[in-house]
Amino acid sequence: MADKRLRKRQRDLENAPCYDSWREIAAELDRLEGLEDWRADDTSDDYDYLLIKERLAEMRALRQAGAVRHLAFTLNEGLHGNIGNIANPALHGVARCGTKFLIESYVEEVARCIDYISAGDFPDFPLAEKVRFLKRTGTVFGRSGLMLSGGASLGMFHLGVVKALFENGLLPRVLSGSSAGSIIAAMACVRDDEQLPAIFQRDGVHLDAFQRVSLRGVLSGGSVMEGDALASCLQRNIGEASFEQAFDATRRMLGITVSPAEVNQQGRLLNYLTAPHVLINSAVLASCAIPGVFPSVMLRARDFNGDEVPYMPAKRWVDGTLSADLPMLRLARMHNVNHYIVSQTNPHVVPFLRERERLQRGVVPWLRELAASSGQNALKVTRKHLGAGNAVLAQAYGIVRQKYSGDVTVFPKHSPRQLIRMLSNPTAEEIDAYIREGERATWPRMARIHTQTRISRALEDATARLKTHAPERGSRTRALRAASTSRAR
């Protein structure tokens, strides 16, 4: 009887209509399978539970005693994302609804302490010290970023991932995208929180990007698809904002990867720091320019007077996946990202991710890693002897040597129909299906994302609160100084 109920609830989980329903069923399954007992048991060889328990008790005692300076000192001394190995994947793939209760309690207490320090009024811990504390702690701890891969129309799956994260308050401020992923990342970053839900509606996305050229055009050496059709599609979905304008409007940090069409050039991550005046729609157009499918692209930007002008007119750019599908190192350097949530839809990558998830241990992953490294070395030797200037070999080497997963990786189950139609315009029904699939694939990762991003989100929220109050206090100080000067006169 118990087995029958278990099987029924497992079917219910697969068909859950929303995340709240999914989580309720998942919690029941965790209880039925004894996984809640595992969560309640602090002990494990997979992390230093004694250290976590000790720090949790110390922080809680200091907060309750109101010892704010001592508490800030304690947080500064030992706060990092994997203290005691609490980010160990072995701790986040057992239960459906979370990890050890001790780890969750520790993370929540850290967030509570950050809120307490930033929101409280302490005579011995003034605003300047709060700002210094948050800046230092935030720099050390880092932040999360969402990275959306390429995959042509398969990339509509990213919409569901973004929707699930946004609706649960887990969408990072840093988003990067390449190829198809750049479309979704850009759409999210040019819209504020009030505007963003519109793109999850049936008529919120307009994707008539794939329009084939004539046979004569293909035979004459042109691309298979019309670049103007894609440009018109992006104009409609993204608008004409530059990277800097989008950041100023939404405070989201968008990064778009583009690859050089020629040899002896490096791929670039375009954002509000590296290319503030470049038009986002032109960057996305370049990132989507799959060689042979779409023509290469010259970027566009705004000059000092606000007029639209060519950007590096002698250079052409193509699909961002060729050089950096997931630009982790660049995001780390520019935005202090050290935790990566990846939505991966590339058809040449997803089968390996699914197999790796199925075979977490054993010889097969080891053999795959060996094969991958052998492939990289083979391409490296080939480039050496045939010439590093060979564009095809350079692009192949760039694809093989990349890392395609993150700390948390979400990926779909590609159907044969999806693969066949990946270079076709998706219908409204297909976009709805992609969104549902993206949401459902994200739900099982939600608890892990919540736990692993809780502290960085608390730091960002606290910093934003202080930035809101700081100008008011600064204005008050300037007004008092002006009044004092006036009286002195």
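Predicted model: local features only at pLDDT ≥ 70, side-chain atom pairs only at ≥ 80, totals over all residues.
Tutor: Before we begin, helices are DSSP runs of H or I with at least four residues, strands are runs of E with at least two, and both are numbered from the N terminus.

Student: What makes the phi of Ala-152 worth a remark?

Tutor: Most residues other than glycine have a negative phi. In Ala-152, which is a residue other than glycine, phi is near 55 degrees, a positive value. Met-312 is not a glycine either, and has a positive phi of about 50 degrees; the place of Met-312 is the loop between β6 (308-311) and β7 (317-318).

Student: Why is Glu-28 called buried?

Tutor: The relative accessibility of Glu-28 is 13%, which is under the 20% limit, so Glu-28 counts as buried. Glu-28 is part of helix α2 (residues 19-32), and, if residues up to four places away in sequence are not counted, Glu-28 touches Arg-5 and Arg-9.

Student: What makes Ala-26 a buried residue?

Tutor: Ala-26, also in helix α2, has 0% relative accessibility, and because buried means under 20%, Ala-26 counts as buried. Not counting residues up to four places away in sequence, Ala-26 touches Leu-13, Arg-96 and Cys-97. The C-alpha atoms of Ala-26 and Ala-95 are separated by 8.7 Å, although these residues are 69 residues apart along the chain.

Student: How do you know that Ser-343 is buried, and what is Ser-343 in contact with?

Tutor: Ser-343 has a relative accessible area of 0%, and since that is under 20%, Ser-343 is buried. Ser-343 is found in strand β8 (residues 337-343), and, leaving aside neighbours within four places in sequence, the residues in contact with Ser-343 are Met-147, Leu-148, Ser-149, Phe-157, His-158, Val-161 and Val-410. For the protein taken as a whole, 46% of the 489 residues count as buried.

Student: Now to the helices: why are α4 and α5 called roughly antiparallel?

Tutor: Two packed helices are described by the angle between their axes and the distance between the axes. The axes of α4 (residues 49-65) and α5 (residues 68-78) come within 9 Å and cross at roughly 155 degrees. Angles over 145 degrees count as roughly antiparallel, and therefore α4 and α5 are described in that way. The residues that meet include Met-59 and Leu-62 in α4, and Leu-71 and Leu-75 in α5. By class, this contact of α4 with α5 has four nonpolar, three polar and four charged residues.

Student: What makes α4 and α6 parallel or antiparallel?

Tutor: The axes of α4 and α6 come within 10 Å, and they cross at roughly 30 degrees. Angles under 35 degrees count as roughly parallel, so α4 is roughly parallel to α6. Among the residues that meet are Ile-52 and Leu-56 in α4, and Tyr-106 and Val-110 in α6. The residues of this contact of α4 with α6 divide into nine nonpolar, one polar and six charged.

Student: How do you know on which side of α5 the buried residues are?

Tutor: The buried residues in α5 are Val-68, Leu-71, Ala-72, Thr-74, Leu-75 and Gly-78. These residues cover an arc of only 160 degrees around the axis, which puts them on the same side of α5. Phe-73 and Glu-77 are exposed on the other side of α5. The elements that cover the buried residues of α5 include α4, α6 (101-119) and α7 (127-141).

Definitions and conventions
Residues numbered from 1 in each chain as written. Heavy atoms only, no water. Axes fitted to C-alpha atoms, helices over the stretch in contact; angles between N-to-C directions. Parallel < 35°, antiparallel > 145°, perpendicular 65-115°, else oblique. Contact = heavy atoms within 4.5 Å. Nonpolar A, V, L, I, M, F, W, Y, C, P; charged D, E, K, R; others polar. Buried < 20%, exposed > 50% of the residue type's maximum accessible area, 1.4 Å probe, protein only. Arc of directions from axis to C-beta.
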